[in-house]
Amino acid sequence: MKDLMEKLKEQTLQGNDCYLVALIESEGSTPRSSGAYMLVNERGWVAGTVGGGAMEYAAVQEAQNKLAEGQCKSYQKRFDLTPAAGMACGGYCGLQFCYLPANKATEILVEYILYQLAGDCPWWLLLPLGEGEILVQEYLPLKKHQGIFEQDGREYFAQQYNYDGKVFIFGAGHVARELVPLLCHVGFTCEVFDDREEFADPAVFPEAHRVMQVDYTQLEAACRPTFKDYAVVMTRGHIHDANCERFLLKTSVPYIGIMGSRTKAKLAQEALLAEGYSKQDLDRITTPIGLDIGSETPAEIAVSIAAQLIRVRSRRS
């Protein structure tokens, strides 16, 4: 969503009216679930996706035509994905086309959404079903993170953001440099910590929420992971790993992943057991981190870690 809003900001400042197209309902073998977005201007696709293929192409043309006509408004449309309609997926999908003219109101809306995305508190994006304006609210009485919500006699597709925690990454080496942009691309918020000044460089991690040089024995002063966060430990040695583990085991963070060989992990855990930590304490730790996909290079290891975090997040939701 952040990338999409930054693109919308660019388009607005350039004077280009746009449609924010959202997949709000689907049935059958549709390529994406509800909550997918794309941005379209009069020249065509700008950013995002609602599933690709013939359906997305048709939606882009639909938005382009409306913009070219010059009589734009927000509206909802259902797309048939059955073979009879020339689609192989089967089923149908409902798209909401939200018209966003290049004016001050859109600029203010985008800035506010970017401000909310940069924060720590949960919030909701409400898209009108049919005509109406996009709203941002801090609280809605919905049990899930998205759904249809009625307010003031109008229905909205509501989606919650910032309900998930941050990924605290300890160690800013080669794998972290591959992992952070990948995690940010799939919707995680990352904070990176390293005890080496040359590695704790914000310029190397432009997507990260925060990059900080720390002392691994004094992490309490640097961060406070909570029950909704994730911790990834990938320091340069088992001594530093153990220092991070000592700190993390005192917090409520439910996912603690340690990168490295089984030998490195064993050394760190033996040190903790000798200090009185229980096997139950150490069972909170996932090591080695990542799904077993035969990864070897830093990029491949990053993919395996990201995949595991996606799975953990999905099970939480």
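In this predicted model, the count of aromatic ring pairs comes to 11. One of them joins phenylalanine 168 and phenylalanine 193, whose ring centres are 6.2 Å apart and whose planes stand at 15°, so the pair is stacked. The reasoning rests on the cut-off for the angle, since planes under 30 degrees apart count as stacked. Phenylalanine 168 belongs to strand S10 (residues 166-170) and phenylalanine 193 to strand S11 (residues 189-194), so the pair ties together parts that are 25 residues apart in sequence. Both phenylalanine 168 and phenylalanine 193 are buried. Elsewhere, ring pairs link Tyr19, Tyr75, Phe79, Phe97 and Tyr99 into a cluster.

**Arginine 196**

Arginine 196 is located in the loop between S11 and strand S12 (210-213). Its relative accessibility is 18%, and therefore arginine 196 counts as buried; the limit for that class is under 20%. Leaving aside residues up to four places away in sequence, arginine 196 touches Ala172, Gly173, Gln213 and Arg236. From arginine 196 to aspartate 215 the separation is 19 residues in sequence and 9.0 Å in space, C-alpha to C-alpha.

**Packing of helices H5 and H6**

Two packed helices are described by the angle between their axes and the distance between the axes. For helix H5 (residues 238-248) and helix H6 (residues 262-274), the axes come within 9 Å and cross at roughly 50°. Because of that angle, H5 is oblique to H6. The crossing in which H5 passes H6 is right-handed. On the H5 side, the contact is made by His238, Asp241, Ala242, Glu245 and Arg246, and on the H6 side by Lys264, Leu267, Ala268, Gln269 and Leu272. Sorted by class, the contact of H5 with H6 has 4 nonpolar, 2 polar and 4 charged residues.

**Backbone features in loops**

| Residue | Phi | Relative accessibility | Class |
|---|---|---|---|
| Aspartate 152 | near 55° | 77% | exposed |
| Asparagine 162 | near 60° | 16% | buried |

Aspartate 152 lies in the loop that runs between strand S8 (146-151) and strand S9 (154-161). Asparagine 162 is in the loop between S9 and S10. The relative accessibility of aspartate 152 is 77%, so this residue counts as exposed, whereas asparagine 162, at 16%, counts as buried.

A further backbone feature is the cis peptide bond that joins threonine 287 and proline 288, with omega at about -5°. Proline 288 is found in the loop between strand S15 (285-286) and helix H8 (298-316).

**Glutamate 300**

Helix H8 contains glutamate 300. With a relative accessibility of 35%, glutamate 300 counts as partly exposed. Not counting residues up to four places away in sequence, glutamate 300 touches Ile293, Gly294 and Ser295. Glutamate 300 and valine 204 are 96 residues apart in sequence, and their C-alpha atoms are 19 Å apart in space.

Definitions and conventions: Residues numbered from 1 in each chain as written. Predicted model: local features only at pLDDT ≥ 70, side-chain atom pairs only at ≥ 80, totals over all residues. Heavy atoms only, no water. Axes fitted to C-alpha atoms, helices over the stretch in contact; angles between N-to-C directions. Helix = DSSP H or I, 4+ residues; strand = E, 2+ residues; numbered from the N terminus. Parallel < 35°, antiparallel > 145°, perpendicular 65-115°, else oblique. Left-handed = near helix turned anticlockwise from the far one by under 90°. Contact = heavy atoms within 4.5 Å. Nonpolar A, V, L, I, M, F, W, Y, C, P; charged D, E, K, R; others polar. Phe/Tyr/Trp six-rings, centres within 6.5 Å; stacked < 30°, edge-to-face > 60°. Buried < 20%, exposed > 50% of the residue type's maximum accessible area, 1.4 Å probe, protein only.
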